[in-house]
Amino acid sequence: MSLRLTLAEIESYLRKAARARGLHWGIAEEAGKAARWLGAFDLPGPETLLAHLQQINGEDYPNWIPDCSREPWQAPGGLLCPIITGAALADRSAQMLDGKVFHLAATAYPLLLAATVGQAARCHRQVFTTAWADVRVSCFENGLSIEGNRDDLLLARVAGVSCQRDDLTEPRQLPSTLAYRIDSELFRRIDELALQTYAPATAESRAGAGAGLTDND
Amino acid sequence: MIDCAQQNPMPEAAAYRRPPEVVMRLARMGSFHQTRLSFMRSLLRRLKREHWTFKRGLWEIGDDGFGRAVYTVYGPERAYSLVAFSHDLPDHMRSDRVIATAWDATFALYDGVPDTADLDRLEQNVPKQEAGRISDSELSLARANRSVRLWQHVIDALAAGRQPDREQLEAVGYLVRTTAVYGSGKFGAADRLTIAERPEVSAPFQAELLSVWLIRAFALDLVEHIAAARGGAQAVAIEPELRRRIGVGNSTGLGMAPFLINHPALLNNWMMAREEAIARVRSLEHAEPAAIEDFKRHFEHARFNVSQWHSEHPIQIEKLQALTADLEKMADYMQRESLADDHPWDRFYRWAEQHLSLEGQEQLVSLLLEPYGELVDDLTQCMDADEHLSFFIDGSMPLTRLREILESQCQWALSVDYDDPANCARFWYTSAEKLEPRVGERFDEPGAEYELPLAVGRDMQRMYTTLAAAPDDMSTAEFVLAHPEYRHTVRRVQNLAKHPYAEIQDNLIAADMLPIDILRCKLSFFGATKFDPRSDRWVRICMFQDAPFPHELLASAS
């Protein structure tokens, strides 16, 4: 069984799911965008993010973030969070425009990192390429290209990642606005997480929201 | 400062622009009136300008008024169809609340012209609304309930061969109230990307408002149809002039309030366009006689509208009394002062700031734009936003600059004592029951741990305090990595540097904050009239009252 999700729904559900795992709203927003961006190209952004969220918790935040004073960047806990680290790279995208190449040590789900950095590509109208194992993912303002071994795209952890500005001119793949199909069971788990960000209804909330007057007028 | 900066043929207007600290206050935003830049009006102007055509392509409605219908408008490149379903709804199930599960009528806006298979698919899903699923062939999903008293009165009168009572009709102003009109990407509908490159629907809420305009036509056709079935040969249709007095109602609660807070760049562009329009008119040295006549005509219409505008809510009753008095003062002013020379509109506006309530000042603002379509209508092209650009964080920004933006543009946030319970009395959250935003009482209700990031001012102040302790040579990138709790707020603060009208400059969690002010601001940009608060967080409005119907504005499609 599968279910069709719109891109807006992907972003909204995954942002909330990330928040439910204890990430702050600002980072959760990056997570939602990354999942949506991948979904737009029919890449398994929502599924990959769900898998990552199941292993991360906001309370462990310090263990997952890069120590940027070291080269390559590495996480105190041994594995970099691709969303937090991708956001940190996007924040430093001006340095990449100046030619700096960032190197990362062990990283979880690097596809999510490429997509998070990709948000900066869209703003700068530049190309940023993230490479790991035998695959390179380049994000353009309006598309992406994947070179190398596609089997490496979905690796759950890799020993090293590099990220830099690139000079490619044409994306190979443009976003598809067609339906993104997701396995119903995986969606159920995402929805379950998203639901944890909602407050259970109380008598006060029900009473407070409406007009409290008849609508048969 | 405005996203489409090329639309700036009058640089001299900048000196007349009202600053954000004057405009972005809830009390003023909650006094906004529709203007000629409002989205309903720009939609109808486009349909007319581009010679769109119209056809009621399907009418499968029984004598009882139940069934389905399709209304299609054809543009230069594409067609859009309202698919309408009319249902038999028992009175006890009629609720405008978002938690309702059945309605008098349900609708989808189809991208193109639907075939029978599409209609059958939609008939399986649209009547269920949120519990159904639509597809990327649909751009909007909506539902409406009847105004029971007016609905029955109109049918009874028409069936008996009489026109409905004008007074009763104008007191309500609509036959149906929409209780939700969903757009982009909701419940399976096409993502906004699908329409982002289509000039006819890329401006804000065009697909949703096109739906509402066609819903109005459907509601009128439906009462005439039922009256004809009941009255037979003696039944009559509504006279065109009276017919136009019927708009579409809308009943709106907290669900739409966070929108303006969640879309700061968009809010900025709406406000900038509106403020730029006012500034352009105020900067004029003279007014031509034709413009003055046009202004006076709209002034009289505004006076009439206020006489027709009723509310039972104490806040709005008071505001309407003030507005009525303001209009009399304005009439005196127009007798006394020249509207022709010496920057007449600027003088008028500055007088209004001194002598009128906020309702009156904002009424004048709307009226000032009316004679000057050629001068201001192009600004509607600036009311969209590339929100992606404002998502980006410039990590290279020094913290001193971040502090500087807060100090120069966010005093409204920094000056509040958030330890005072009255200043942090509320919290915004999403209700698990209906997945809709709500406002809770922090000290009386459980659930504050579910707070949404809508306490903008408080979070800015907290960040400012944290920034004070951060080393000066730290970059924004380093700061947000060390303090992920401020990543959302940093985005907003950086955005303010380029979008000065992006933030509501009031405390959104204060005990005395009125959510209806946020609703009214948004609805005024839609083009709504007759704001009638039913509580401090719930408002009824009227849409498209006095607007032409599709068969009046557009030629028939063959």
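Reader: How do α3(B) and α9(B) lie to each other?
Author: The axes of α3 (residues 39-49) and α9 (residues 206-231) of chain B come within 10 Å and cross at roughly 80°. Axes are lines fitted to C-alpha atoms, for helices over the stretch in contact, and angles run from 0 to 180 degrees between N-to-C directions. Angles under 35 degrees count as roughly parallel, over 145 as roughly antiparallel, 65 to 115 as roughly perpendicular and the rest as oblique. α3(B) and α9(B) are therefore roughly perpendicular.

Reader: What pLDDT do local features need in this model?
Author: Residues are numbered from 1 along each chain as its sequence is written, chains are lettered from A and ligands numbered from 1 in written order. The model is predicted, with totals for chains, interfaces and linings using all residues, side-chain atom pairs counting only at pLDDT 80 or more, and local features needing pLDDT of at least 70.

Reader: What is the mean pLDDT of chain B?
Author: pLDDT is the predictor's confidence in each residue, from 0 to 100. In chain B, 99% of the residues reach 70 or more, and the mean is 94.

Reader: Which residues of α9(B) does α3(B) meet?
Author: Contact here requires C-beta atoms, placed from the backbone, within 7 Å. From α3(B), Phe39(B), Met40(B) and Leu43(B) meet Gln206(B), Leu209(B) and Leu210(B).

Reader: Which helix gives the most to the side of chain A that touches chain B?
Author: The contact takes 41 residues from chain A and 52 residues from chain B. On the chain A side, α1 (7-20), α2 (25-40), α5 (82-91), α7 (110-124) and α9 (203-209) each supply at least two residues. That side has 19 nonpolar, 12 polar and 10 charged residues. With 5 residues, the element that gives the most is α2(A).

Reader: What is the strand order of the open sheet in chain A?
Author: Helices (H or I, at least four residues) and strands (E, at least two) are DSSP runs, numbered from the N terminus. Two strands pair if DSSP finds at least two bridges between them. The edge strands, β2 (102-104) and β6 (144-148) of chain A, each pair on one side only. The sheet has 5 strands with antiparallel pairing, in the order β2-β8-β4-β5-β6.

Reader: Which residue is the bridge partner of Thr129(A) in β8(A)?
Author: Strands β4 (residues 127-132) and β8 (residues 161-166) of chain A run antiparallel and are joined by 6 bridges. In β8(A), Thr129(A) is partnered by Gln164(A).

Reader: How many residues lie between β5(A) and β6(A) in their hairpin?
Author: β5(A) and β6(A) pair in the antiparallel sense over 5 bridges. Val135(A) stands opposite Gly148(A) in β6(A). The number of residues between the two strands of the hairpin is 4.

Reader: What distance separates the centres of domain 1 and domain 3 of chain B?
Author: An automatic or database domain assignment divides chain B into domain 1 (11-30 + 264-381), domain 2 (39-253 + 546-556) and domain 3 (387-498). Domain 1 of chain B puts 4 residues into its contact with domain 3, which puts in 5 residues. Helix α12 (residues 264-282) of chain B gives the most to the domain 1 side, with 3 residues. Taken over C-alpha atoms, the centres of domain 1 and domain 3 are separated by 33 Å.

Technical notes:
Two residues are in contact if their C-beta atoms, placed from the backbone, lie within 7 Å. Ala, Val, Leu, Ile, Met, Phe, Trp, Tyr, Cys and Pro count as nonpolar, Asp, Glu, Lys and Arg as charged, and the others, Gly among them, as polar.
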